[in-house]
Amino acid sequence: MKSPSEASGIDIEALLNSLIQRLFPVWYANQAVKELPLGNMGTLNPNSFLSHRWLSLHSVIQAMQTSLENADSQWQELSTLLGKLIVENDYQRPLSVSAIQGLEYSSIEDPYPNLVTYAEHNLGAINWESAEDFERNLKSAFVQEDSPHRVVYREWDGRYYWVNKEEAHHFAAVIMHCQHKQRDATINALINVESLHMPTLDNLRSKFWLLIMRRDDAYQVIDLLNKASLPVFPCEFEWRRSDLLILACPKNNTKLNTILLNLQNNRSNQQITDLGRFLNRYHRPFRNQ
């Protein structure tokens with residue numbers, strides 16, 4: 001036999017939830033975020049032999065600042081801090097070829113996870129095993145006339161990539177020799193270092209939540225916070241990951257802080273990640289020696 005609510009077609013539980021949310025929106029948001037199912041974001045900074053497939057902090061900051069262009073004045077400090085986060089300097093230094101983890105250019109589209117795998121599949125007829133092969137390939141890859149060779153080092157994830165302009169078959173042969181013969185060499189490099197301005201990062205982390213989430217999940221949280229009249233602003237992540245959003249929230253609101261801490265409690269880094277914490281966790285300072 002149907003209950004009176006079923007017979008009338010009324011969802012009593014939904015009505016009660018709606019009423020509670022209207023009467024006690026902050027309390028409701030606190031409870032709802034604890035039970036909100038969050039999907040897996042996947043890998044934010046994937047491994048690849050090509051640097052343009054890695055996460056780009058420049059792209060993230062540009063996307064966030066574009067999102068904030070027409071925001072209220074309360075969000076302009078966030079945009080200003082983001083603009084100060086990356087500092088770049090050039091250093092001419094000897095660099096071990098085995099430290100290089102990626103290439104800027106290749107016509108090859110295969111999803112090789114690293115340079116060794118790329119090298120194993122793209123040597124062609126190039127010999128690499130002997131010491132003479134190694135020296136010849138090293139000179140062919142890093143032509144003396146092009147010295148110093150341009151390399152980028154990203155302090156915020158500890159990755160080097162070579163700014164090459166042609167297919168790197170001879171470099172692949174060098175990598176194969178290094179891998180199989182336990183040998184290394186140094187090149188004269190002009191290293192562009194993408195540094196984090198640490199006082200700015202500390203300022204960002206002290207003033208704002210910057211929570212990376214799947215877009216659909218983020219919209220559910222935004223709806224809860226909007227109904228509780230709590231400040232939140234959705235920012236795009238980067239063009240490679242249109243499935244993600246960054247929720248920007250100030251940290252000067254106790255009620256909001258409690259909700260967001262409940263949201264993050266018992267979640268994995270692949271469900272929700274704070275951008276500031278992410279950058280701090282993987283930070284590898286450049287050794288300027």
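Start with Glu 77 and Lys 207, whose side chains meet in a salt bridge, 2.5 Å from N to O. That pair ties together distant parts of the chain: Glu 77 sits in helix α5 (residues 76–83) and Lys 207 in helix α9 (residues 198–207), 130 residues apart. Keep in mind that this is a predicted model. A search of the whole structure turns up 12 salt bridges, and here is a quick tour of some of them.

**Back to the helix pair**
- Glu 77 counts as partly exposed because its relative accessibility is 36%.
- Lys 207 is partly exposed too, at 33% relative accessibility.

**Arg 53 and Glu 109**
- These two side chains form a salt bridge at 3.0 Å, N to O.
- They also link distant parts of the chain, 56 residues apart: Arg 53 is in the loop between α3 (25–35) and α4 (57–67), while Glu 109 is in the loop between β2 (102–103) and α6 (115–121).
- Arg 53, with 22% relative accessibility, counts as partly exposed, whereas Glu 109, at 57%, counts as exposed.

**Lys 165 and Glu 104**
- The side chains of Lys 165 and Glu 104 meet in a salt bridge as well, at 3.3 Å from N to O.
- Here, too, distant parts of the chain are joined: Lys 165 lies in the loop between β4 (159–162) and α8 (169–181), and Glu 104 lies in the loop between β2 and α6, 61 residues apart.
- Lys 165 is exposed, with a relative accessible area of 61%, but Glu 104 is partly exposed at 30% relative accessibility.

**A network**
- Arg 154, Asp 157 and Arg 159 are connected through a network of salt bridges.

Key. Residues are numbered from 1 along each chain as its sequence is written. This is a predicted model: local features need pLDDT of at least 70, side-chain atom pairs count only at pLDDT 80 or more; totals for chains, interfaces and linings use all residues. Side-chain values use heavy atoms; hydrogens and water are left out. A salt bridge is a side-chain nitrogen of Lys or Arg within 4 Å of a carboxyl oxygen of Asp or Glu. Helices (H or I, at least four residues) and strands (E, at least two) are DSSP runs, numbered from the N terminus. Buried means under 20% relative accessible area, exposed over 50%, partly exposed in between (1.4 Å probe, protein chains only).
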